[in-house]
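Here is a short report for a first look at this structure. Start with the sequence and the model, then read on.

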Amino acid sequence: MAHGESGPADRGAAAAAETAMGVRLGRECLYVPSCRLGLYLALRHWCEPGGKILMSPVNDDVILFVVLAAGLRPVQAPLSAADGSIDVDAVPEAVWEGLSAVLTTNLYGNPDPAGRLRERCDRLGVPLIEDAAHAIGSATGGRPVGSYGDAAAFSLSKHVGAKAGGFLAVADPSLRAPLERARDALLDPARLTAELAYAVRPYAESAVRGLRLAPAAWWALRLLGLQERDGIRMPLRPAELRQALGASPSLEAFHSWVRVDMHDYRIAPGRSRVRRVARLLAGLDERLAAHRTGTERLLATRWAPPVPAGAPVQPLFRVPLLVADRDAAVAALSRRRITVGYLYDPPLDTYAGPAFTDPSPAPAEAAWFARHALPVDPLRAGAVIEILAAAGARPAGELPGG
């Protein structure tokens, strides 16, 4: 593959989108083709290969492979069983002292305790990197998610619904130029076929998901390259993964894992793609308001996770209801053609094992949350509540340690 030929084709539209996002965050923003490429850029810039990075075990497996591709050793953090956020107090001092960086997740839009993590990182003298893919409208401590870290990576495939694009926000504006050069060096050139596929993808997804025969829809998605998993986690392929580790840091060596679910994650965007992203970004506030309204409805149900009194309602990308039998709940929703995605079970330390990650010092809470979380779209709140009630879905019960 050829790399480094160009950035976005429509630099004017990309610059306008960067400015709009920068106003939201109060930070310099760089457009990237995907959040995962933005995270890779940040990890390579701020972290020396061979270091250890604290991260959440309830996370997309793609992010594990991005961390490995950057030459880092993942260390799985203890989590709150209520919302899957990092439990700062449960991280042993010995773990803190061995870290080179911390990576937040802000799972489903629920903020990690960024203020406390920032303080810890400052004391340790290590960078804080925020994965804000799910949290473009969330806030914590009176500040937006993405404004605490040395860098923060955002996705425009989630709330914005652009199916492409993202931003890398940085605290130091002087780093924008070197990060832009590093981005461009990693890009595959824009291709007409990729742009055509992007243009028709929303219609193709809508058509195949509208098929009444689930197996036919599944195979159609496979043929279109939109479905690569037989289960929640992609195959680990440990023998190949060990070989790839020998070449890290290297995005190329991990490409077959990092590209899953998004084959154009590093393709320089064409003009039509960038313009569509900019157009959809302009409607973000309206979408965030709708997500916040749906979140509030779902948090008032008996399946809702506990929420601290007085806590502001976040515009969650997905609301992780906690149910006793998730498989039955997923099946009930599926019968009414509501798809439940963004499941992260089992936790990454169980999935990858000690050969590829340091396990969490307190794994029970993460395992419980991963098993019971039912992440539902707040834009479908009314239908979800109706279906779960009719199916007799039961709450998960008492939290571990509760």
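## Terms and overview

Helices (H or I, at least four residues) and strands (E, at least two) are DSSP runs, numbered from the N terminus. The model is predicted. The chain holds 16 helices and eleven strands.

Of the 402 residues in the chain, 53% are buried. The accessible surface is about 16,500 Å². Carbon and sulfur atoms own 54% of that surface. Among contacts with a separation of 6 or more, 73% link residues 24 or more positions apart.

## Strands around β2

Strand β2 covers residues 52-55, and strand β3 covers residues 73-76. The two pair in the parallel sense, over four bridges. Between them the chain passes through helix α3, residues 61-69. This β-α-β crossover is right-handed.

Strand β2 also has a partner in β4, residues 101-104. Two bridges join this parallel pair.

## Two nonpolar cores

In soluble globular proteins, nonpolar side chains tend to be buried together. Here the largest nonpolar core has 51 residues. Leu43, Trp46, Phe65 and Leu168 have the most contacts inside it. Phe65 touches residues from elsewhere in the sequence, leaving aside neighbours within four places. Its contacts include Met234, Leu236, Leu241 and Phe254. Trp257, Val258 and Tyr351 are also in contact with Phe65.

A second core is separate and has 28 residues.

## Val62 in helix α3

Is Val62 buried or exposed? Val62 counts as buried because its relative accessible area is 1%, and the cut-off is under 20%. Val62 lies in helix α3.

Not counting residues up to four places away in sequence, Val62 touches Arg36, Arg229, Met234, Trp257, Val258 and Val260. Arg36 is 26 residues away from Val62 in sequence. In space, the two are 7.9 Å apart, C-alpha to C-alpha.

## Cysteines

How many disulfides does the count give? The count comes to zero. A disulfide is a covalent bond between the sulfur atoms of two cysteines. The sulfur of Cys47 has its closest cysteine sulfur in Cys121, 9.8 Å away, so the two are too far apart for a bond. The cut-off for a disulfide is within 2.5 Å.

Cys47 is buried, with a relative accessible area of 4%. Cys29 also counts as buried, at 3% relative accessibility.

## Backbone details in loops

Two cis peptide bonds deserve a look. One joins Ser248 and Pro249, with omega about 0 degrees. Pro249 sits in the loop between α9 (238-245) and α10 (255-258). Another joins Asp345 and Pro346, with omega about 5 degrees. Pro346 is placed in the loop between α13 (326-335) and α14 (348-352).

Next come two positive phi values. Tyr108 is not a glycine, yet its phi is near 65 degrees. Tyr108 lies in the loop between β4 and α5 (114-124). At 2% relative accessibility, Tyr108 is buried. Arg337 is not a glycine either, and has a positive phi of about 60 degrees. Arg337 is found in the loop between α13 and α14. Arg337 is partly exposed, with a relative accessible area of 45%.

Conventions:
Residues are numbered from 1 along each chain as its sequence is written. This is a predicted model: local features need pLDDT of at least 70, side-chain atom pairs count only at pLDDT 80 or more; totals for chains, interfaces and linings use all residues. Side-chain values use heavy atoms; hydrogens and water are left out. Two strands pair if DSSP finds at least two bridges between them. A crossover is right-handed if, with the strands pointing away from the viewer, the path from the first strand over the helix to the second runs clockwise. A nonpolar core is a set of buried Ala, Val, Leu, Ile, Met, Phe, Trp, Tyr and Cys residues joined through side-chain atoms within 4.5 Å. Buried means under 20% relative accessible area, exposed over 50%, partly exposed in between (1.4 Å probe, protein chains only). Contact means heavy atoms within 4.5 Å. Accessible areas come from the Shrake-Rupley method with a 1.4 Å probe; for residues, only the protein chains shown count as cover.
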